[in-house]
Structures are given as structure tokens and as C-alpha cells.
Amino acid sequence: METRPLGTTGHDSTVMTFGTIALNWLEQEGANQMVEHVLDYGVNHFDVAPMYGDAELKLGPKLRQHREEIFLGCKTEKRSYEGAWQRLDESLDRLGVEKIDLYQVHGLEYDDELDEITADDGALTAFREAQEQGIIDHIGLTSHSRPDLIVDAIDRIDDLESLMFPLNPVVAGKDDGEHDYEAVLQRANEEDIGTLGIKAFAAGSWPDTEELPERDRPFCNWYRPVCAPDEISERFDFAASQGLTSVVSAGDPKLVTMICEAAADYDGMDEAAQRSLIEGSRHDDSPVPEQLHH
Amino acid sequence: MDVPSTVTTALDDRPVDGRRCLEAGAGVGNTTAGLLDAGASRVYAVTNDREHALTTRERIAGGQDADTDSHPAARDRLAVLHADLRAIPLPEESVDLVTAHGLCNVLDPAALSRIADELQRVAAPGAHLVVDDYAPLPETAAVRDLFAVENAAAELATGRPALTFYPSSFLRDLFAGAGWAFERERTLLEPVPWTESHLSAHADAAASFAADCADDAGAALAARAERLATDIGSESVGRMYSLAFRLAA
């Protein structure tokens with residue numbers, strides 16, 4: 001599988017990152033098989049978080065067995081110094097490892113959270129102490145909130161080495177600032193910050209819970225995913241051809257093999273085909289009525 | 001403004017900023033939006049469809065943009081003209097850039113020929129021309145069946161086809177014959193995503209022609225179009241291309 005340098009970390013990540021939230025939905029034996037399966041494809045970057053149910057615990061056994069083959073990203077949703085240290089200790093404990101390669105601020109949403117994590121008693125102070133102690137190697141940040149907030153974070157966090165944010169044809173087809181993750185990607189690439197794409201396989205929101213109760217959803221993703229092999233492959237190719245370091249697999253274990261296959265087969269996507277996906281999604285929810293043309 | 005990537009790609013190597021532009025066949029104003037966004041000093045959006053004229057005007061007037069140092073607000077740079085492209089209400093040599101985005105496929109050869117001459121008439125020396133359209137679909141494309149029904153209804157109702165997908169070489173030669181020097185061809189979309197909303201718009205267009213058919217063939221064609229649109233759902237097939245030309249200065 002193709003690898004690309006993850007910013008300045010010195011690590012070459014595979015073009016697919018395994019989103020280990022998928023393990024949360026499996027029993028331990030199945031989780032073990034899933035990790036072996038993903039490693040068989042050569043995937044070398046795994047992503048986990050304490051908020052993903054039992055994913056840390058279920059990843060633990062195979063992570064310890066294959067520790068050298070896996071570049072491990074973990075996250076904390078805590079914004080304070082104490083909170084971040086506490087979560088980090090808990091994650092190390094649950095994963096059963098000594099060190100996390102990439103520790104990320106999880107799901108930054110608001111301006112005041114950026115103030116909080118960058119304050120003297122904020123989460124990043126804990127990150128840096130842990131870095132000095134050799135408990136974590138690199139610092140990252142994840143967000144599916146406002147692109148301009150992520151750009152602010154780039155400006156304000158000098159030692160940021162990776163970013164995780166959404167990128168797919170639906171987002172790329174929207175011109176407004178609220179969806180301008182391409183600006184984030186461009187800025188990150190200028191600053192040599194690694195980039196991990198999420199929601200690459202999102203087709204849209206789930207219907208209202210009145211119409212489709214959560215328990216009746218056919219996938220455990222936050223969003224309604226594309227699910228046919230050719231669609232998965234197109235979506236992977238699109239995300240991987242935008243200039244991201246790596247594309248994070250979808251959260252439902254039913255989709256993981258298709259994504260591994262797409263990643264293994266990836267060899268670029270020409271621009272006319274990229275635009276084809278953008279225009280296809282743009283028309284799905286366009287406010288402009290009755291369009292015969294593209 | 002929400003500008004399709006087909007439009008931005010077709011325009012990105014053409015001079016738009018500060019130029020007087022003509023969008024020939026405004027449709028819902030996609031290219032008008034792209035031209036205004038790229039800094040056109042004036043956009044004449046010409047369409048013979050009243051609904052399209054209104055949609056284009058409302059779309060731009062409803063935009064959030066305001067005057068800037070370099071450009072007045074988009075709505076103040078736009079003139080929507082409800083007119084026939086075979087007789088454009090503009091003087092000779094009055095525009096610097098002409099766009100025909102998805103226009104030629106709705107023109108039969110006779111109309112296309114007259115409009116090609118008319119576009120040349122209003123273009124200033126050194127003007128640019130961008131022609132974006134669809135290559136003929138492969139035999140295996142399911143959407144061909146829907147377009148065939150649309151064309152059958154249009155022929156019965158008006159004596160003309162609704163859609164003709166001209167090869168890029170055909171349009172290149174046609175406009176070259178009208179005095180334009182060919183500059184480049186690029187692929188905008190491949191495959192072309194015919195989405196559910198496109199197919200349902202084409203089924204509606206077929207039904208609208210069918211309503212004007214003289215006998216009961218119309219009802220059958222309308223039903224057939226609707227069934228085809230439903231059965232096909234969506235299909236990604238074919239190629240959309242962009243041709244660029246220039247007049248001698």
C-alpha cells in the first residue's frame with residue numbers, strides 16, 4: 001500500500017489509516033481478526049480514542065503483539081491540563097502500551113476551546129510534558145467543526161504535526177467558508193503538517209429519527225455511508241487524490257474490507273473524474289431547481 | 001455563490017476579470033455566477049426561457065456579496081436578457097468573452113449554425129469563446145433511452161429534437177468555420193454524473209413536450225420517460241468537454 005510522509009513526524013503513513021472505532025462493534029475474537037486483516041493489507045497507521053466505546057480495550061491485545069508495525073494515534077476530548085493527563089494515563093492503561101505515537105486534541109469545536117487548550121493550564125501543556133517524558137511522540141488535532149477554527153489552531157499551535165478533518169466530494173462541492181476544508185488542507189500542506197481525512201465515505205445525514213430510529217440504522221457510522229464497492233473505491237480515490245496524507249476508514253466494520261481493497265488498489269484519480277463526483281453530489285441537494293445540465 | 005466545478009474549470013485559463021461577457025443560454029445561471037465570481041465587469045445572460053431568466057436574476061440578486069474595492073456587487077454587473085440567441089439584442093463587437101455552457105446540445109443543427117454566426121457578430125476583436133458540451137453517449141448508456149424518449153416527444157410536438165450531443169470535433173470545426181481560432185480542449189467531466197435530479201428533470205422535459213403531442217402517443221411517451229428515469233435512478237457515463245477559441249485581434 002502507498003505510503004506518504006506524515007508532515008514532519010518522520011513517519012510514512014499508509015494512504016489508509018485504520019479507524020479502530022470499528023473494533024467497538026466486534027467481540028474480542030473478531031476484533032483480533034480485524035486487526036490482523038488490516039495489517040495484512042499493510043496498513044501502518046491506526047487511530048483510536050477513549051470515546052470510541054471499547055475500541056481501546058479491544059485493540060489492546062493485537063496492538064501489543066504488533067506494536068512495532070503500528071503507528072498509533074490516540075486522542076483526548078479533555079481541554080484542561082489535568083483532564084488531558086488523566087485521559088492519557090487511562091488510554092495507556094486501556095491500550096496496555098507505554099507510548100502513543102500521535103496524541104491528538106479530539107473534536108475541537110469552539111473558539112473558547114482553542115483558548116483553553118493553548119492556555120498555560122491547558123491540555124497542550126500536558127501534551128508537551130508527556131512528549132518530554134517520551135510518553136507521546138507527536139501532537140495533533142482533530143475537528144469537524146469550522147475550517148477557520150482549524151486554521152486558527154495552525155496559527156496558534158507551533159508544534160502541531162497532524163490534523164484530522166472531513167474531506168469528501170459533498171464538502172468539496174460547497175463553496176461557502178463553512179465547508180472550506182480545502183483551505184485547511186492547503187494551509188496544512190504549506191506548513192508541512194500531516195493530514196488525515198475523515199468522512200470520506202459519507203453520503204449524507206441519516207434520516208430524522210422519527211422516520212428511521214437509531215436502532216434501525218443499517219450502519220453504525222455517524223453518517224449514512226456509501227456502501228457499494230465501486231462507490232467506496234471512488235470515494236477513497238477522491239479523498240486520497242486531494243493531497244491528504246492518509247484517509248481514515250469508516251467506523252462500521254462491514255465497510256473496512258472494501259476500504260482496504262480500495263486503498264491497496266489506489267493509483268490516483270484524474271481531475272475530470274474528481275469533478276464528476278463533486279458534481280454528482282452537488283446535484284443531490286442543490287437548492288437550484290430543475291437542472292438538465294452540469 | 002455556488003459555482004459548479006465544470007464552470008470554474010472551463011473558465012480558469014480564460015481572462016474574465018474586468019471583461020464584458022455574454023452567457024449564451026443562461027440556463028439556471030451557473031456560468032453567469034461563475035463569470036461574476038471571476039470578476040466580469042458585465043455579464044449579459046441571454047436566454048429565451050422566461051423561467052430561466054427569472055431564476056438567474058433571482059439567484060444573483062439573492063447573493064450575499066456587496067461592493068468591493070475592485071468590483072461592484074454581482075447583481076449590479078448583471079443584465080439578464082430574455083431574447084432569442086438567433087437575434088441577440090446587443091450591438092456588434094460588444095463583448096470580450098462568450099460562453100456557451102451546455103447550450104449546443106439543446107440546439108438542432110439549423111439553430112446551432114445561426115447562433116454560431118450571431119455569437120461571432122457580437123464578439124469584439126480578440127474576444128474569447130468557451131463552448132462546453134457533452135460528447136455523444138456510448139451505445140451502452142442507459143440514459144440514452146430516456147433521452148431518446150425525450151427527443152421523440154420533442155420531434156412529435158415541435159418537429160425538432162430536444163437534445164443533440166455533438167462530438168467536440170464537430171463543434172470545433174463549426175466555430176472555426178465561423179471565424180474563431182481553436183485554442184484548446186479539456187475534459188470537464190468523465191464520467192458525467194447523471195443524477196436522479198437530472199434524470200427527473202429530463203423526464204419532466206419529456207412530459208412537457210408530450211403534452212403538446214397531437215395524439216395519444218404523448219401520454220405513452222411521458223409515462224415511458226418517467227418509468228425510465230425511475231428505473232435508471234442515476235448513471236455516470238459519457239464525457240463533458242470544454243473548447244476554447246479566440247477571434248483575431
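**Reading a two-chain predicted model**

User: Which strands of chain B does helix α6 lie across?

Analyst: Helix α6 (residues 168–177) of chain B lies across β5 (123–134), β6 and β9 (240–246), at about 15° to β9(B). Helices (H or I, at least four residues) and strands (E, at least two) are DSSP runs, numbered from the N terminus. Axes are lines fitted to C-alpha atoms, for helices over the stretch in contact; angles run from 0 to 180 degrees between N-to-C directions. Contact means C-beta atoms, placed from the backbone, within 7 Å.

This is a predicted model: local features need pLDDT of at least 70, side-chain atom pairs 80 or more, while totals for chains, interfaces and linings use all residues. Residues are numbered from 1 along each chain as written, and chains are lettered from A and ligands numbered from 1 in written order.

User: What is the strand order in the open sheet of chain B?

Analyst: Strands pair if DSSP finds at least two bridges between them. Here seven strands run β3-β2-β1-β4-β5-β9-β6, with mixed pairing.

User: Why is one side of β3 and of β6 left without a neighbour in the sheet?

Analyst: β3 (78–82) and β6 (181–189) of chain B stand at the edges, each with a single partner strand, so one side of each has no neighbour in the sheet.

User: How many bridges join β2 to β3 in chain B?

Analyst: Five, and the two strands run parallel. B:Thr47 has B:His82 as its bridge partner in β3(B).

User: Which helix lies across β2 and β3 of chain B?

Analyst: Helix α3 (residues 50–61) of chain B does, running at about 170° to β3(B).

User: How many residues of chain A are in contact with chain B?

Analyst: 17 residues of chain A are in contact with 26 of chain B.

Definitions and conventions:
Two residues are in contact if their C-beta atoms, placed from the backbone, lie within 7 Å.
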